[in-house]
Amino acid sequence: MWQVSFRQAHTGESFSGVYRVGDQYLPDVFERLNYMLRDFRTGEAFPMDPRVIDVLSMVQQGTGKDTPLEILSGYRTPKTNAMLYRVSEGVARNSYHMYGQAIDIRMPGYNTKKLSQVARGLRAGGVGYYPKSHFVHVDTGEIRSW
């Protein structure tokens, strides 16, 4: 059984439990996860890539802690992403967030640099480390890091 535990920083919503059994993702759970990982600025939800939830689960396990991850950003509408691209550093014009393939995380009480190292060690997609903002970006794109 695959499980994950997280809290959405902007809405306060949380999830802790099983989302996958063997190679079967649980549809009812994914409906809830898609809603919780919605663009909090617009309220629009989008089907998240199940593999990005697997990455969250593996990162959490890799820390050796049972502390819930804190989600800063999941899905972003193209409009939200364009706005962030204009006003923020490090936002990609064609971000994986717009396709439900990226999530920005941190773990309270756990060193963010170590969290990025755990994520990189998985070799499961892209990993960005943002030390000034204290978060790690994970996505299911090609393996790369920055």
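**Exercise 1. Describe how helix α2 (residues 50-63) and helix α4 (residues 112-122) pack, giving the angle and the distance between their axes.**

Solution. The two helices, α2 and α4, pack at an angle of about 120 degrees, and their axes are 9 Å apart; the axes are lines fitted to C-alpha atoms over the stretch in contact, with angles running from 0 to 180 degrees between N-to-C directions. This is a predicted model, in which local features need pLDDT of at least 70 and side-chain atom pairs count only at pLDDT 80 or more, while totals for chains, interfaces and linings use all residues. Residues are numbered from 1 along each chain as its sequence is written, and side-chain values use heavy atoms, with hydrogens and water left out.

The crossing of α2 and α4 is right-handed.

Then list the contact, meaning heavy atoms within 4.5 Å: α2 contributes V55, M58, V59, G62 and T63, and α4 contributes L115, V118, A119 and L122. Sorted by class, the contact of α2 with α4 has seven nonpolar, two polar and no charged residues, where Gly is counted among the polar ones.

**Exercise 2. Determine which residues of helix α3 (residues 78-87) are buried, and which exposed residues lie on the face turned away from them.**

Solution. Begin with the buried residues of α3, which are T80, N81 and L84; buried means under 20% relative accessible area, exposed over 50%, and partly exposed in between (1.4 Å probe, protein chains only). These residues cover an arc of only 95 degrees around the axis, so they are on the same side of α3. The face turned away from that buried side carries the exposed residues P78, K79 and R86.

**Exercise 3. Locate R123 and H134, and describe the phi of each.**

Solution. For R123, phi is near 50 degrees, a positive value in a residue other than glycine. Most residues other than glycine have a negative phi. R123 has its place in the loop between α4 and β6 (126-130), and is exposed, with a relative accessible area of 57%.

For H134, which is not a glycine either, phi is positive at about 55 degrees. H134 lies in the loop between β6 and β7 (135-139), and is partly exposed, with a relative accessible area of 48%.

Technical notes: Helices (H or I, at least four residues) and strands (E, at least two) are DSSP runs, numbered from the N terminus. A crossing is left-handed if the near helix is turned anticlockwise from the far one by less than a right angle, and right-handed if clockwise. The arc is that of the directions from the helix axis to the C-beta atoms.
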